Amino acid sequence: MSASLNLPRWYDLHTHFRQGANVASYIADHLAMGCAGALAMPNTQPPVALVNGPETDTAWSIESYRNILLNAGADAFDQLIIPLYLTKDTTPEMIDQGAESGLLKACKYYPPHGTTNSEHGVPMDYWIGGDVFRALEVNHIVLCIHGEEHGLFGSDYFDENQTAESVFYSDRLPRILDEHAELRIVCEHITTRVAAEFVSNATERVAATITPQHLLYTVGHLIQGLRYHLYCLPVVKFEQDLAALRKAVTTPGQTQFFAGTDSAPHTTKATECGCAAGCYTGGCAPQLYAMAFEEAGVDLESEDGKALFERFLCTNGPAFYGFSPSEKLFELRREPSQVETLQRDEGPLVPLPVGMERELTWTLTQD
Ligand code: DOR
Ligand code: ZN
């Protein structure tokens, strides 16, 4: 008999469902991988930059985007959180009203021009000490942060001693915590030793999501063959960073790290002079996370090993956002399974681990 793990359905607390014809397929892929609920990022076109009201040409509201997602199959989730995209038009009143109506649970900081559809973001200095962050504190709204310093170039942006992420966690995050003593923060998709250690040493009001790709791959995997479906932001880093991320998620009893795949579909990856950032892991994220835990030395067939994995995948995230873990189950069985390139309306979509050295070593089933 091959080993099998029965787990509570898990929560993906950072993903992208986008807009348009393919939304239903992205949601279906999430439901098919035992996902009980999702935090759907607001960097749509147009961005989700209002709380209430109908769509306009320049902004959707959480209310209108939520209806789009519910009509596309997200009504099958137990939880659906849509953060508000922080833009120059965000006001403290919007935060107060959103909190009161119950629609607003989280806000998202994007570094301007730092990643896909992030051009509406405003630099972090504008927010620190300001009334919008104060309103988040007072109303217990979570701040989700894409933690990369904006506007860095060349070796300031990325080399072995410094990256945009390490700068952000060394310089900005300490200031945010000093200025906003009550603010609850999720450091999204962390990739570096600096960020992992920062979060581990912070109080429990600070948590982090980690993607499957950042627990499995380093920049060598990306560069060798220029496998650009592994290109996401923040970009995969070095061996010492991977080791620190693995240590963070496998520390017994840890409560601050949880699953957030950053699954980010792009049907056109290569552009004329660049590459769209985002890896797609819809359909296979739990299998990839299981492989990463095993590569980190965790015996998933032991009780302790399974408990570590369950914390990360199924319970820490809901606890941070204030809801209960799922009571329904899904199963991972140690048996290889195949992932193939998907054909979507706008073109092909290449999920991980297609093209990588290792195929999935786990198979997922649910009732
Ligand atoms: O790789 C990424 N893709 N990082 C982000 O921050 C955004 C995401 C996307 O929306 O494609
Ligand atoms: Zn993302």
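## D262 and its loop

D262 sits in the loop between β12 and β13. Helices (H or I, at least four residues) and strands (E, at least two) are DSSP runs, numbered from the N terminus. D262 has a positive phi of about 55 degrees, although it is not a glycine. At 7% relative accessibility, D262 counts as buried. Buried means under 20% relative accessible area, with exposed over 50% and partly exposed in between (1.4 Å probe, protein chains only).

## Basis of the model

This is a predicted model, where local features need pLDDT of at least 70, side-chain atom pairs count only at pLDDT 80 or more, and totals for chains, interfaces and linings use all residues. Residues are numbered from 1 along each chain as its sequence is written, chains are lettered from A and ligands numbered from 1 in the order in which they are written, and side-chain values use heavy atoms, leaving out hydrogens and water.

## Zinc site

H14 (NE2), H16 (NE2) and D262 (OD) coordinate the zinc ion (ligand 2) at 2.0 to 2.1 Å. Donors are N, O and S atoms within 2.8 Å of the metal (3.2 Å for Na, K and Ca); water is not among the atoms, so sites may look incomplete. Along the chain, the donor spacing is H-x1-H-x245-D. H16 lies in the loop between β2 (10-15) and α1 (23-31), and D262 in the one between β12 (257-259) and β13 (270-271), so the pair ties together parts 246 residues apart in sequence. H16 and D262 are both buried.

## Other backbone features

H189 also has a positive phi, about 35 degrees, without being a glycine. H189 lies in the loop between β10 (185-187) and α8 (193-201). Its relative accessibility is 1%, so H189 counts as buried.

A cis peptide bond joins Q45 and P46, with omega about 0 degrees. P46 is in the loop between β3 (35-40) and β4 (48-50).
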